Amino acid sequence: MTGLATDLLVRLDPQASEGLQQQIYNGVRKAILEGIVRPGARIPSSRALAADLGVSRTTTLLAFEQLMAEGYLATRHGSGTFVSHELPDGLPAGRDSRPTRTTKHPPLSRRIVALAEVPASARRVAGPPRPFRLGVPALDLFPVQIWSRLASSRTRSVTSVQLDYGPSMGLLALREAIVDYVCASRGTKCTVDQIHVVAGSQSGLSLMCNLLLDPGDRAWMEDPGYPGARSALVAAGARISPIPVDADGLDVEAGARRAGGARLAYVTPSHQFPLGMPMSLPRRLALLRWASAAGAWVVEDDYDSEFRHGERPLPCLHGLDVDGRVVYVGSFSKTLFPSLRIGFLIAPSDLHDRLREARPAGDVVPPMIEQAVLADFMGKGHFERHLRRMRVAYQERREALVAQAERLCSGVLRIRAPRTGLHVVGDLDGVRDSRVFEEAAARGVEVMPLSAFYSGGSKATNGLVLGFGGVRSDAVRGGMEALAAAIEAARRPSASIRRP
Ligand SMILES: Cc1ncc(COP(=O)(O)O)c(C=O)c1O
């Protein structure tokens with residue numbers, strides 16, 4: 001071993017904060033990773049290195065032991081110490097460990113490619129909430145103080161048990177509160193054993209699609225429909241059959257004709273997403289009959305049915321199911337706030353054991369403390385009070401939007417009648433929705449082109465989907481003026497997009 005070779009391997013710095021052993025370890029490892037010593041090369045013995053560096057043999061021995069344990073060095077009996085042929089980081093010696101632009105990954109899965117093609121549920125313009133953002137409740141009216149009080153009380157009194165992994169189905173107190181709520185308000189009956197707390201509807205939809213479907217199974221999807229459900233189906237490897245919807249909701253006969261042997265149907269019966277109408281009773285019964293005959297599951301997404309302006313909320317499809325076909329997916333994203341990431345499933349009772357066993361493999365429950373705070377919020381009556389206040393607020397906000405649309409966009413934008421939920425659909429005349437979307441975004445207004453929610457099962461309708469839940473009535477006028485200007489600009493044949 002020459003002094004030069006030792007120098008290439010390790011340079012000791014007496015001022016360094018690391019100890020000598022660590023410096024020797026770092027130096028040899030770096031020399032290997034940078035290709036200064038190649039796989040298979042012999043390196044000085046710990047004794048020779050100790051002598052060259054002027055350190056104790058124990059120091060070099062301990063560094064070498066660490067490098068051997070990690071797989072950088074290997075010994076051959078009687079022949080000394082060598083750089084391993086298989087490096088632990090999987091890095092060929094001499095290569096930079098950072099990925100480069102030319103790094104070749106293994107091919108991406110077909111699912112990730114297909115998922116990237118599912119359109120987004122809402123295209124947000126960067127920055128704070130603005131008219132007419134889709135899917136946002138009235139966050140300005142949320143009783144933050146009450147929530148904070150409950151949250152700090154829960155955090156202050158947290159027990160060591162609550163710091164552990166919680167029950168995989170969710171906190172019992174929350175599941176009990178959910179049973180009370182759905183039995184009183186959603187027109188169905190269930191027991192606490194059927195309730196699974198999930199991290200929002202999206203997690204519930206993914207869980208059910210993954211557990212109920214095998215890759216390649218057919219699934220009905222409303223067309224137009226909710227992109228979040230489409231993603232969950234794509235991620236589960238389902239083959240999607242887009243089924244048209246009409247004024248009565250999903251066209252069950254068309255579904256049976258196109259894909260009668262499907263294994264699952266995804267529906268939004270209380271408030272079709274995005275068109276807004278409820279599914280009629282005859283259609284609900286036809287869907288359940290088809291599901292029983294075909295041996296299929298029905299996934300009911302009941303995302304914002306609480307808000308039926310001027311009328312009582314419609315009972316859910318789950319309440320009509322006598323055959324154990326329907327899995328109900330509920331969410332607190334619209335009734336409370338989306339970042340809470342809490343929703344729930346009502347599973348048929350005979351699915352309960354399987355679901356409990358299979359769930360930990362692919363899903364986690366939301367944090368226990370948030371679940372406890374939500375249970376308190378519901379148990380102390382705040383949830384019910386908040387819903388009552390929100391029904392009034394949303395009716396006002398909806399009316400403000402409709403009035404301003406009539407005033408400023410009449411003749412081009414006709415708002416449809418269904419009076420449920422937190423968004424409206426308006427038909428556009430004489431101008432393409434995708435152009436209006438672009439012009440509106442350039443003016444800081446968020447609208448969704450209705451055609452973006454279609455996936456080929458039926459002819460796309462030209463229109464706009466406008467959220468009003470998060471838009472204060474006094475902001476509607478300004479938003480609608482900007483939208484009217486956007487529509488006007490989109491109608492001009494060679495209009496260029498004006499950036500704000
Ligand atoms: C049809 C539909 N389902 C569910 C949700 C709620 O999803 P999550 O509970 O994952 O926030 C939304 C939100 O916009 C929705 O539009």
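How many salt bridges does the structure hold? The structure holds 19 salt bridges, a salt bridge being a side-chain nitrogen of Lys or Arg within 4 Å of a carboxyl oxygen of Asp or Glu. Please keep in mind that this is a predicted model, in which local features need pLDDT of at least 70 and side-chain atom pairs count only at pLDDT 80 or more, while totals for chains, interfaces and linings use all residues. Residues are numbered from 1 along each chain as its sequence is written, and side-chain values use heavy atoms, with hydrogens and water left out.

**The eight-stranded sheet**

- An open sheet of eight strands runs in the order β4-β11-β10-β9-β8-β5-β6-β7, and its pairing is mixed; strands (E, at least two residues) and helices (H or I, at least four) are DSSP runs numbered from the N terminus, and two strands pair if DSSP finds at least two bridges between them.
- β4 (195-198) and β7 (249-250) stand at the edges with a single partner strand each, so one side of each has no neighbour in the sheet.
- β9 is joined to strand β10 (residues 326-331) by four bridges, and the two run parallel.
- Across from Tyr-328 in β10 stands Glu-300.

**Asp-301, a buried charge**

- Asp-301 lies in strand β9 (residues 297-301).
- Asp-301 is buried yet has no salt bridge, and the nearest side chain of opposite charge, Lys-334, is 8.6 Å away; buried means under 20% relative accessible area, exposed over 50%, and partly exposed in between (1.4 Å probe, protein chains only), while Lys and Arg count as positive and Asp and Glu as negative, with His and the chain ends not counted.
- What does the side chain of Asp-301 make a polar contact with? Its partner is the side chain of Tyr-266, at 2.6 Å; a polar contact is a pair of N or O atoms within 3.5 Å, where within protein one must be able to donate a hydrogen and the other to accept it, and residues adjacent in sequence count only if both atoms are side-chain atoms.

- Strand β12 (residues 413-415) pairs with β13 in the antiparallel sense over three bridges, and Ile-415 stands opposite Gly-426.
- Strand β15 (residues 463-467) also pairs with β13 in the antiparallel sense, over five bridges, and Leu-466 in β15 is the bridge partner of Val-424.

**Salt bridges in detail**

- Side chains of opposite charge can pair when their charged atoms come close.
- Arg-263 forms a salt bridge with Asp-217, with the closest N and O atoms 2.4 Å apart.
- This pair links distant parts of the chain, 46 residues apart: Arg-263 sits in the loop between α10 (252-259) and β8 (264-267), and Asp-217 in the loop between α8 (200-212) and β5 (218-223).
- Arg-263 is partly exposed at a relative accessible area of 31%, whereas Asp-217 is buried at 17%.
- Glu-439 and Arg-443 form another salt bridge, their closest N and O atoms being 2.8 Å apart, and both residues are buried.
- Lys-30 and Glu-34 meet through their side chains in a salt bridge (3.7 Å, N to O), and Glu-34 is partly exposed at 44% relative accessibility.
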